[in-house]
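Subject: A structure for you to look at

Hi there,

Here's the structure I promised to pass on. Have a look around it first, then read my notes below.

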Amino acid sequence: KMTQQMRDLQLAQARKPPGPSSPNAAKRLYRNLSGKFRVNYTSFDEGSLVGRGEKEKLRKSYLFQSNAALFEAVELQDLDRVQEMLKHYSPEELDLNTPNSEGLLPLDIAIMTNNAPIARALLQAGAKESPHFVSLESRSLHLSTLVREAEQRVNELMAQVVNEAPNADCSEKEKQLKAWEWRFRLYKRMKAGFEHARAPDAPSSVHLSVASSSSLQVTFWEPLSVNSAVVTKYKVEWGFSPTFSPLLGEAVIDKLKDLHFTIQGLVSGTAYHVRVSAYNMKGWGPPQASTPPFAIPSNWREYDGRAPRRRGQAEALDHLLGQVKTVHQHCICHEPCKNQPQSRKHSVSKSLKHLFHPGSKFLKTLKRGLYLTAIFYKDDNILVTHEDQIPVVEIDDTYSCLLMQDFLWLTKVSCMWDEILWLRQCVTVSQSSCSCILQTRFKMLLAISQMQGLLGIQDLGQVFFEPIKDKQGNILIVTLKEVKTNQTFESVRWVPICKLQTSRKSVSSPEEPTALDTLLISVQDKLAYHQRSSHALSPGLYLGYLKLCSAVDQIRVLVPEQLPNILCHVKIRSNPNISREEWEWLQKMASAEEPAPTEPEADRSQNPLFQELQVAIKELMTLVNIPLQEAKDFRLYSQEVLDFGDQVSFLLLLPPSDDVCTAPGQNNPYTPRSGFLTLPLQIFELGEER
């Protein structure tokens, strides 16, 4: 019995020197004593095992102390302390779901003392109720036993304190008496909390939506009532009829960090009814039917049987690349050490010979020409050469201007850094045509190979969307890569960015900085762009704004600075799926002569997608600084939903046909003023793929 165990521990404690006399110290003493039941038994069971090291003992001691501290914080209703411990320690480190000697868990104490804030914090962390309470009767009996034994122990200690003369043993018994009196009051409060609690009300709201052609998503909210005990789990049920007879399935949700559930494995085109009920220590409450009352699993593609746009494309491209490699495998360019014709050697420039020279290395200064630089960064550090220079190699010292098509070609090459040697050999074959474009691209491949060889790494990262140019005739192509592991490189070392910026001595004037100086000044902006361009959207359905502008040699697309790999957008909802019914409604809107839907106002107010789109359009127009009245002629792209994987999808909002793409010199009334940038369309497409 618990009382006998406490007596044994009391006798053992009496042999120790007197402890502190504060009430909190007494509570901690009891907590430590009660926790020792579990620890001692564990130690006994493992004592016969050979090979247990001191580290394992220290770990168990640490876990025990963390668990005891959490129990104490919950009992003292110290919310700040509980939240701090849950933030800094994992559930395993806190031993969150292991009952103490009284068969209680931290969550049991929180809900039976009706401390809702602490109970919710524990539930968010994954806390469970004690498995010992299999019924209401067993919980009531257990609490009554705890109260009775605590009261009995208080009476015994009180009699001993009154009857004994003042001495060291008496002082120790007074401390124990205070601890037991406090525990007696705690148990009575827990018992009263259980007796006055009632079963929970129904969830305040249950929303049902179509997640796919075979699944539905259920989102629900806590009951509004504050008089019942804390809800610790929910039950989702579904069936063909509103009576739920027969019941097709149910699921119990006890992880309450997010109150939603996806019902999988349903039949497309079949209506399902759903309801949700809540549970607390007094049992299950009444169910709440969903809104809408039923839903039909479907997807917008079922409207016309359309297959996914990208289905099989990646496989087809891989197959095509394999075929091209096979054709070139036995080509003369792949024969090693093949001597070039004499006339061929004379056509190779001095700069190309330099690349093959054994002493080739990074450049310190730029002379009029085209160059490649690679920026590798980790946290606030950047890779530099031993001369404290950003790694730079020469592409062509006779190249006075960079054609946009050559640059865009290089950005595509960045998707296959591992194939540079093969690409070089293929371009070599084609040089017989003496094409200036091929000559330039061949030199680009040579420079990439040189950079890879000097650094000892193949992947040079992502090409920055804009080369750096200066008035001295230098053009600098920049690649960016974040290093997330402790990687070693050849011929370079890590240096803090701020130190590099302050220590470098500029060789140019502020009015006409060189390309290297411009790079160093703007390196933080480029790193920020690179990090932002790798961010992913959270799952959901988005409304995107497509706005293009054309120049002489390229088309550029408008994107937000904070997320340059995605169109300007706002989130419509968390569910990315467009159901067949919703797509039919959008098609009806698109085919109507009037911009506004022709259905009655009452019907539109009952259409969740209509309401969500209204809010999203207003938010998007505010984001891009376009007055709402100017957007009256905008339209939704109704040919397809743009799916990016299974978790993100887009509807597109387009300006009037004549204003989707602005020509050079044309007045552009639909371009925002700040917080956005325009990327070359090919760069944007590559960033989207990454």
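A quick definition to start: helices (H or I, at least four residues) and strands (E, at least two) are DSSP runs, numbered from the N terminus. You're looking at a predicted model, where local features need pLDDT of at least 70, side-chain atom pairs count only at pLDDT 80 or more, and totals for chains, interfaces and linings use all residues. Residues are numbered from 1 along each chain as its sequence is written, and side-chain values use heavy atoms, with hydrogens and water left out.

Let's begin with lysine 471, which sits in the loop between strand S13 (468–469) and strand S14 (474–482). Its relative accessibility is 65%, so lysine 471 counts as exposed (that means over 50% relative accessible area; buried is under 20%, and partly exposed is in between, with a 1.4 Å probe and protein chains only).

Zooming out, the protein chain has 22 helices and 24 strands. Of its 690 residues, 45% count as buried.

Now for H15. This helix has 20 residues and spans 29 Å from its first C-alpha to its last, close to the 28 Å expected at 1.5 Å a residue (the expected span is 1.5 Å times one less than the number of residues). H15 is mostly covered, with 15 of its 20 residues buried. Just after H15 comes glycine 456, with a positive phi of about 75 degrees.

H15 (residues 436–455) also has a partner: its axis and that of H13 (residues 404–413) come within 11 Å and cross at roughly 40 degrees. Axes here are lines fitted to C-alpha atoms, for helices over the stretch in contact, and angles run from 0 to 180 degrees between N-to-C directions. That angle makes H13 oblique to H15 (under 35 degrees is roughly parallel, over 145 roughly antiparallel, 65 to 115 roughly perpendicular, and the rest oblique). On the H13 side, the residues in contact (heavy atoms within 4.5 Å) include Trp409 and Leu410, and on the H15 side they include Met444 and Leu445.

What about H19 (residues 580–591) and H21 (residues 608–623)? Their axes come within 10 Å and cross at roughly 60 degrees, which makes H19 oblique to H21. Here Glu582, Trp585 and Leu586 in H19 meet Leu609, Phe610 and Leu613 in H21.

Happy browsing!
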